[in-house]
Each structure stands twice: as C-alpha cells, then as structure tokens.
Amino acid sequence: MSGKGIVHGLGVTLRHLLRTYWDDLKKGRRRYFNPEGIAYRQSPEVDGIFTVQYPEEKLPVPEEFRYLPFLVYDPGPAGEKVLRCTSCGICAKVCPPQCIWITRTTDPETGKPVPTPAEFAIDIDICMNCGLCAEYCPFDAIKMDHDYEIAGYDRMTTNIYTIEQLARSADYYRKIRPNAFASEEKDRLEREAAKAARAGTG
Amino acid sequence: MNDRLLSSTVDEAVSSRLSGLLTEDTRPGYSGYLVAPENLLEAVQILRDELGFDYLSSVTGVDYLEEDRLETVYHFYRSTGGSGLVLKSSCSRENGRIPSLTPIYPGAEFQEREAWDLLGIRFEGHPDLRRILMWEGFDGHPLRKDWREPYFEEEAKPFKSRWPDGKAVRSEEKTPFGDNVCFPPDFDPQTWQAEPETVIERLQQDEKPLADEEIQTDRIVVNLGPQHPSTHGVFRMTVMLDGETIVSLKPVMGYLHRNHEKIAERNTFLQNMPFTDRLDYLASMSNNFGYAIAVEKLMGVTPPERAEYIRVIMAELTRISSHIMTTGFLLNDLGAFFTPALYALEERELILDIFEMVSGSRMMCNYFRFGGVVRDIPEDVLGRIRQLVTDRLPRKIDELDSYLTNNEIVKTRCQGVGVLTDVQAIAYSAAGPILRASGVPYDVRRADPYSIYDRFDFDVAVQTHGDVYDRYLVRLQEMRESLKILRQALRDIPGGPVLAGKPQYQVRVPAGEAYGRVEGPKGELGFYVVSNGKPNPYRYHVRAPSFINLTSLETMCMHQKVADAVVVLGSVDIILGEVDR
Ligand code: SF4
Ligand code: SF4
C-alpha cells in the first residue's frame, strides 16, 4: 500500500517526541542541571533529549581532553614558581605549525646556557591543539589544558601567551589529569630510587 | 603469499607483453616501471585491455628539481582486486609534455588538472586543462620545489628562529595584508578586469541538449554555491539549464584550498599527522590510518598486535559516524529538514565521546603514530565501546532503516536519480560507496587487505542500480558490517604494547617511495609519500576520494532536474576539507 512507509516514518518521529516528554516526566528534575543528569544525557542509555544547556550546564571533559598547552611549575622552597621547563627546545621543534617561541637563558658571566627559559611564548591563534608538545616533552614540563573558554574581543593584544599566562601549578595539573600525574610521579620516584641505589653501590 | 604470487604473475605478464615499452624502476626504494611519454598511451591501453588494470587509482607528479624533470606517477589496480602497478613517465620541467590519459581513463580528468595546476605538468590531449584548485590569475605552480610562498621562512621545519633565541612574531606583521599573495609579473590587481569566466565557455562547449525538444527554451546558467547550504561547504556547481533540466554541469572548487601538500613537504613526517586530521574532518582516524600505513611501509615497521586492533576499532567507529551523518544529511538535501540529521548526530556524539576519551579530541584526533598509536584504550572505554556496539548502535541503525528505507518520498526522490553504471564508475575512478552502489564489489579492505583486515569476517556491501537510493543502502549495510568487524575486534583484542619501539619525535625514514591506501568512509584514501632520507617528506600526495568522486558528478547529474543535483551531491558525500586540500 502506498503511503505505508511515510506513516511508519511518522510513527518513528512521533515515538521520539513522546519519549522525550515521557523521559522528562519520569526523571523530572534529576535530568537537568546536575552532574548525574548531564552524565545520563551523554550516556548510551539516554532516551529523549540529549542536548546540554550551555553555559548553564557544562559537559565534563575526559582526562585526555586537550585544548591549549600550559607550562607546569612546582613550588620552590621560598614559595616561588619553579618552571619544570629546561628550555631544551624539543616542543618548539616538534610543534607542527611552529607556534612555540623559546629564548634560552644564558649565564651572563660564562655565556653558557642555563636550563630554564628566559622567554617562552605560544601564539594560540596558530596552535592547532595537537598535543605533540606535551607528548614529547622529556621533562613533563608542558601539558595540555582543559580550559576551552578563551573567547576574546581582540586577538592582536592578547593571543600570544607568555610565561605569565602559560604557567600553571603542578597542583592544577594533578587536578585536571589525575591518572597521568600519578603515573608520572611513580616513574619519577622510581627513577630517583634507582639513581640513589646506583649512587649507594657506586 | 597470495600477494606475492599475484605480483609475480603481474611482473611476468608485464615483461612478456610490454617488454619493449617499459623499463623497471631500479632506484633504491622505488618500484614499478618507467615509460617514455611517447609510449605511455600504448602501454596503458595494453595494461587496461589485456592485463585487466582497469582502475586508475591515482595520478600525481613529483618535481625532481636537481635532475630537471617532472615525473608523473600513476597507480593502477584491477577492479577485481589484488595489488597494483605503478607507472612513471618523465618530462623536462620547462616545456615537457605528457600525453593525457583521459581518453582511456576518464577518471584522470580532475587529477591531471590538479597536477597541471600545482606542478605545471602539461597533459597533451586533455579536454579541459584549466587550473582546478588555484585561481585563474595565480602565478606559478606551487608544488614545484623552487616555488616559495610569500610567508616563506625556510625550506623545512623546524625553523631556526623558534629556538634557542625565539621571539614571537606574527607572520602577518612580516607580510601584511596585500603582500601575502604573489601575482604574475605584469599583473596589477588595482586595474585588473575580470574576464568572463572560462567555466561558462566550458559549459557551453560540453552541453548535451535534450533529445526531444518540443518547446524552445533559453539556456540559463545557474550557480549553486559557493555559499549555499546544500553544497556542504564552499563548493560551487555551475549548471546550464534547459528549463529545469541540467544539460551541462561544471564543479568549481578550491575555495578552501590551503595547499596541504606543500605544507606537508615543509613539515617533518610526524608533524603531518595532525594535518591529515583536517582533510576529511569527519573521519580523522581514517586519515591517520592511511598516512601511518604509507610511512610505515617506508620505515619497515609493523605495529604491535594490540595497536592493530585499536586501529581497526577506531577506523570502523569512524566509518559508522561518517556514514550515519551522510545518511542524516542526505535527508536534509531531500527536504526533511534536520530531524533525521539530528537522529544521526545523536549517535555520532556517542562515538565522538569515545574518540575524545581515547585521543583527547572529538574530531582532530591525531591518534596514530608510526608503529602504533599514541596511548592505550583504558578498560572502561573499551566497555563503553562494547555497550555501543552490541546494544545501542545496532538498535539505532535498525531504527534509521525502518524510518527511511521504505518511505515513499525517499524512494521517489532517490530511485533512478544520479545513476552511474558499473562501467562508468570504474572508468571515472569512483571509489567507496559510489563504486559499490554501482555493482562493483570493490573494497580496499577486501581487495588489497591492509593492517589486519584479512582476519575479519565481513561482507562487502554492494548494490546494482548505481542511484542515490542504492548509495544510501550501501552505507546502511556498511554500518552493519562495521559493527560485525567491531564485535570481532573487541572479542579478539589482545593485551600488550601499543607502539613499536620508543616514542620518537624525529623518525628516520629511508629514501624511497610508498603508496599507502585505506578504505575510508568516502572511498579509497591514498597517500603517496616520497622520502629522500631527510626529516621531511620530499613529496607527499593525497589521493582524496571525495575530490576524485566529483569527476563523475556531471555524468550523474546529466538531464536530471536541478533540484536533484543537490541530492546527487549529497549522495556523493563530499567533505570540502578533503576536496580542496
Ligand atoms: S620540551 Fe619541555 S622542557 Fe623542553 S623546552 Fe619544551 S617544555 Fe621545556
Ligand atoms: S599543541 Fe601542537 S600546535 Fe599547539 S603548541 Fe603544542 S605542538 Fe604546537
């Protein structure tokens, strides 16, 4: 019979529509404006509406999520910020659009390089969020941030990030990427223990 | 084993039948045969008619500046499957000419235009040798090794200015607006007057009038696009109409061109990986896959087992997300505004969530590395994939099926529209669902298996009518076959490392050439990479399926109503990031 397919198709859309209201009625408040509700709407079990009311509601991002890079610093003995970066230049070399600019510090007396950056800049207009810098930094000094709300009115004065804008504490890093942080810490402790053992025997 | 057997018979057949015409390419790391331009057509005719190489997969060129020659590179395959044959023909850089293959393989048309545009290879006998990606007043051929962009800094990355004395500057400060383009010597943009577009002339020349014209009508030329929602991006179709019927159609493209290949030749091998994401941005995992395979062939590394399984899982999820989108948006083109598209997007979101958990990004995944993948899939994510694959996606694909397949409007608008026969599809080098909907069961995963696809039990989706409706059916079935592969991969995935060797930011790639191809959601996606042993690829070419699939667009739309051109284009499923590169 002609028209059966159309009627059937309309049935599918109608079912979708009714289910949306049914799910809303069934779950009520639990469905909106709370983390469980958001997680439910993003899960494979979801029925009904799956969109999120941004900016009132925000999607949680998974640990691996990457946006812009930042530089990790540890607190120094006097509370100062000690950047982990040794200005080895690997991130600047691996960066595909070449948007990392590093000036290495040189000792004014000896003229030898000092392992800390004098200047470190990332042109975030050009950064393609690829994460290669974080992936290949041998000192866990540059990591990918989760903060994606960086809209602004003027890119010319704000969008080349310098050390001030790039530096984030190791604590912050631990908060956004707990698993990566824990496994790196474990590796570091093991390395140090091995070094100490070697020093002890040697 | 099978592969070697086949290629040895190919060698024998070639040497017995074509010994006078071809010589073997003996440069270290290279393969295939060399042919003099004057013998090319004869050799190719024999290849196609007697040896069965009826499918011209890729046409491109390499500029060997130091040897002062341009080499055209052809990759031929049999539409019945098996490994391919590479043919190369050289001419001088200045005035060299290569005979066009369009009389034998119509599918060479756009690819030869591209090689002319970007490399300046003159193809004699080409019916329409105009620029295709660059604009008509452009100066020079950008993929030549001595061509430099206005932003030029150095031949190859990494640039020395970034470290150890890097001071950030914007490139637009060095080359302000107006200086960021080169013009031909006698060209003044202030006084220049646009000539009537050559495309209009072409439209008139190639017009195929309707057979029985009862009413005398005027021809009108209509531009669909570049700014038009139905073109899926900045793509333009110029059509000549007789009443409402298309009598001539020429696609115009390049609005999103950024010379991906030139960028890639300045990049290091690894730096190209995130750039491949931006080709077909709905299927970045597939793009990664193709490029990784090409470079791995050169490097001679094989990924560990677990990495192979992860790659297949990612590639098949990508196929589902891409096909489901295409299906949804095809209905948009039919006028069912956004309800089916939104149903499709819902499922795609769930797949993108998985990509985000695994790779850190929903669309620009940058997940593959030479010899493996970046990081392992955590167990809970595998669980989520299982849940999707066993429960949610099959249910939703069935729902889409019952929603659309028997809908009378879908049927009347799609059946018999945009027909491409099997012979035409092969001749035009169509790939992917277009080719298979025309009755050619050619799928690279089966025809020339890569990675571990030979281990899985799946069917190649195929239909026979070659119309829009059959393309929809092929995509639907392919999603189900992908689920089948996914179930097997999830069942068999072993433990172990996911990368061969240590992570390296500067890989060593021995000199030579390689062609890596995968079956992407849009069709055969190929990467032709030439290395000269340096950290940057000497030549990098993408065989972009959505670009080459457009070669047959005019044939598909001929004598159809103009409203159907939109539907046909929707069924071809182009992604402008890949078409324009
Ligand atoms: S790779 Fe790491 S340590 Fe080296 S310069 Fe970059 S951020 Fe600093
Ligand atoms: S994320 Fe990629 S593009 Fe951005 S700074 Fe790091 S390496 Fe460069």
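How many residues surround ligand 1, and which are the closest? In this predicted model, 13 residues surround the ligand, and the closest are A:C85, A:C88, A:G89, A:C91 and A:C137; a residue counts as near if one of its heavy atoms lies within 4 Å. This shell divides into ten nonpolar, three polar and no charged residues. Here Ala, Val, Leu, Ile, Met, Phe, Trp, Tyr, Cys and Pro count as nonpolar, Asp, Glu, Lys and Arg as charged, and the others, Gly among them, as polar.

Residues are numbered from 1 along each chain as its sequence is written, while chains are lettered from A and ligands numbered from 1 in the order in which they are written. Local features need pLDDT of at least 70 and side-chain atom pairs pLDDT 80 or more, whereas totals for chains, interfaces and linings use all residues; side-chain values use heavy atoms, with hydrogens and water left out.

**The interface**

The contact between the chains (heavy atoms within 4.5 Å) and its area are summarised below.

| Feature | Value |
|---|---|
| Residues from chain A | 53 residues |
| Residues from chain B | 55 residues |
| Area buried between chain A and chain B | about 4700 Å² |
| Share from carbon and sulfur atoms | 56% |

Buried area is the accessible area (1.4 Å probe) that two parts lose on being put together, summed over both. In chain A, the residues that lose the most area to chain B are A:P44, A:Q98 and A:W101, together 16% of what that side buries. Four salt bridges are found across the interface, a salt bridge being a side-chain nitrogen of Lys or Arg within 4 Å of a carboxyl oxygen of Asp or Glu. A:E119 pairs in this way with B:K167, with the closest N and O atoms 3.5 Å apart.

A:Q42 lies in the loop between helix 2 (35-41) and strand 1 (69-75) of chain A. Helices (H or I, at least four residues) and strands (E, at least two) are DSSP runs, numbered from the N terminus. A:Q42 counts as buried because its relative accessibility is 13%, the limit being under 20% (1.4 Å probe, protein chains only). Leaving out residues up to four places away in sequence, A:Q42 touches A:F50, A:V52, A:L59, B:L350, B:D353 and B:R384.

**The interior**

How values were computed:
Buried < 20%, exposed > 50% of the residue type's maximum accessible area, 1.4 Å probe, protein only.
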